[in-house]
Amino acid sequence: MDTKNLLVKTAYLDELKPLQKTYKIGDEGDEVIKIKEWLMLWQLDENYISTLIDVKTHKKFNENTQKIVKEVQAFLDLPQSGEVDLATWTALTTPMSKAFDLTAFNHITVRERMVYFATKHLQYRSSELLTDNMGPWVRAYMDGHEGTLDYWCEGFACAILDQTFSSFDVPFTKYYANTWACETMREHAKETNLLVSNEQLQTKEYTPQAGDMVLYISDKDSKAHHTEIVYEVLDGQQGNFLTIGGNTNFAGSRNGVGVFLVDRNFLDKNVEIVKMIEQI
């Protein structure tokens with residue numbers, strides 16, 4: 001069975017779609033914008049190119065675009081033609097194609113696969129462009145949507161759920177909500193008895209495990225506004241653990257710039273847990 005057919009969140013395929021032609025100086029259009037976005041991601045991730053490409057102002061493939069294409073081609077050990085052909089486009093988008101690959105290798109359990117797939121997105125540096133909540137990775141998680149208010153932490157978590165359960169030939173929506181809203185995930189988990197309250201964490205009735213999802217509850221409205229995936233519990237008594245989250249940063253922001261490994265504490269008063277099921 002082709003597990004891709006079971007995926008609920010397939011917007012990433014639009015980001016990987018082959019270009020209609022080879023692009024060069026003088027060309028313009030929406031696909032030129034997509035090329036520029038990927039060039040910017042490579043620039044931001046590798047931090048080695050002096051002139052940052054301009055994505056927003058126009059859709060034209062100009063001399064500066066050609067210059068940056070050549071620089072990235074050199075970095076990727078491709079012929080420095082300055083044109084974006086199939087080989088260059090495939091290389092530019094390889095981080096996403098590898099991050100969304102469903103091969104699970106020897107990661108057997110549901111929890112192991114949750115951590116494995118989340119780690120792949122961390123490894124391939126999933127991140128926004130310089131504009132808040134914009135770019136190919138955001139659209140991949142948010143079903144094609146992007147924008148200032150499109151906070152994508154829950155979209156990221158659902159994408160990891162989708163990969164995990166699809167790798168078992170099961171849709172994740174059988175057990176979890178498909179949503180962009182952390183509070184919706186929280187309400188659904190409560191209805192299905194998968195939600196662990198802060199009190200249960202404080203009394204050690206439940207200790208988080210790798211593959212669980214973490215919800216962060218706001219003091220302002222008592223609702224969940226951010227989510228991450230448990231990577232590793234470091235100290236079950238003191239509450240120290242590591243998480244992988246989308247739309248965050250090194251400081252653990254709820255509106256950061258990418259996928260990060262964050263040092264957290266599950267005994268903090270605003271933490272709840274959505275348990276990962278043990279067997280499918």
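Biologist: Which residue is the bridge partner of Phe 241 in β5?
Modeller: Arg 264 is the β5 partner of Phe 241. This is a predicted model, so local features need pLDDT of at least 70 and side-chain atom pairs count only at pLDDT 80 or more, while totals for chains, interfaces and linings use all residues. Residues are numbered from 1 along each chain as its sequence is written, and side-chain values use heavy atoms, with hydrogens and water left out.

Biologist: OK, and how many bridges join β4 to β5?
Modeller: Seven, with β4 (residues 240-248) and β5 running antiparallel. Strands are DSSP runs (E, at least two residues) and helices are H or I runs of at least four, numbered from the N terminus; two strands pair if DSSP finds at least two bridges between them.

Biologist: Are those strands mostly covered or mostly open?
Modeller: Mostly covered. In β4, eight of the nine residues are buried, and in β5 (residues 258-265) six of the eight are. Buried means under 20% relative accessible area, exposed over 50%, and partly exposed is in between (1.4 Å probe, protein chains only).

Biologist: What about the other neighbour of β4, where does β3 come in?
Modeller: β3 (residues 224-235) is joined to β4 by five bridges, and these two run antiparallel. Asp 235 sits opposite Asn 240 of β4. The two strands make a hairpin with four residues between them, and Gly 239 in that turn has a positive phi of about 90°.

Biologist: Which residues other than glycine have a positive phi?
Modeller: Lys 204 is one of them, at about 65°. Lys 204 is in the loop between α9 (198-202) and β2 (213-217), and is partly exposed, at 31% relative accessible area. Ser 222 is another, with phi near 60°, in the loop between β2 and β3. Most residues other than glycine have a negative phi.

Biologist: New topic: how many residues are in the largest nonpolar core?
Modeller: It has 66, and Tyr 141, Phe 156 and Met 213 are among those with the most contacts inside it. Apart from it there's another core of 10 residues, including Phe 241 and Val 271. A core here is a set of buried Ala, Val, Leu, Ile, Met, Phe, Trp, Tyr and Cys residues joined through side-chain atoms within 4.5 Å.

Biologist: And what does Phe 156 touch?
Modeller: Not counting residues up to four places away in sequence, its contacts (heavy atoms within 4.5 Å) include Tyr 141, Ile 244 and Val 259.
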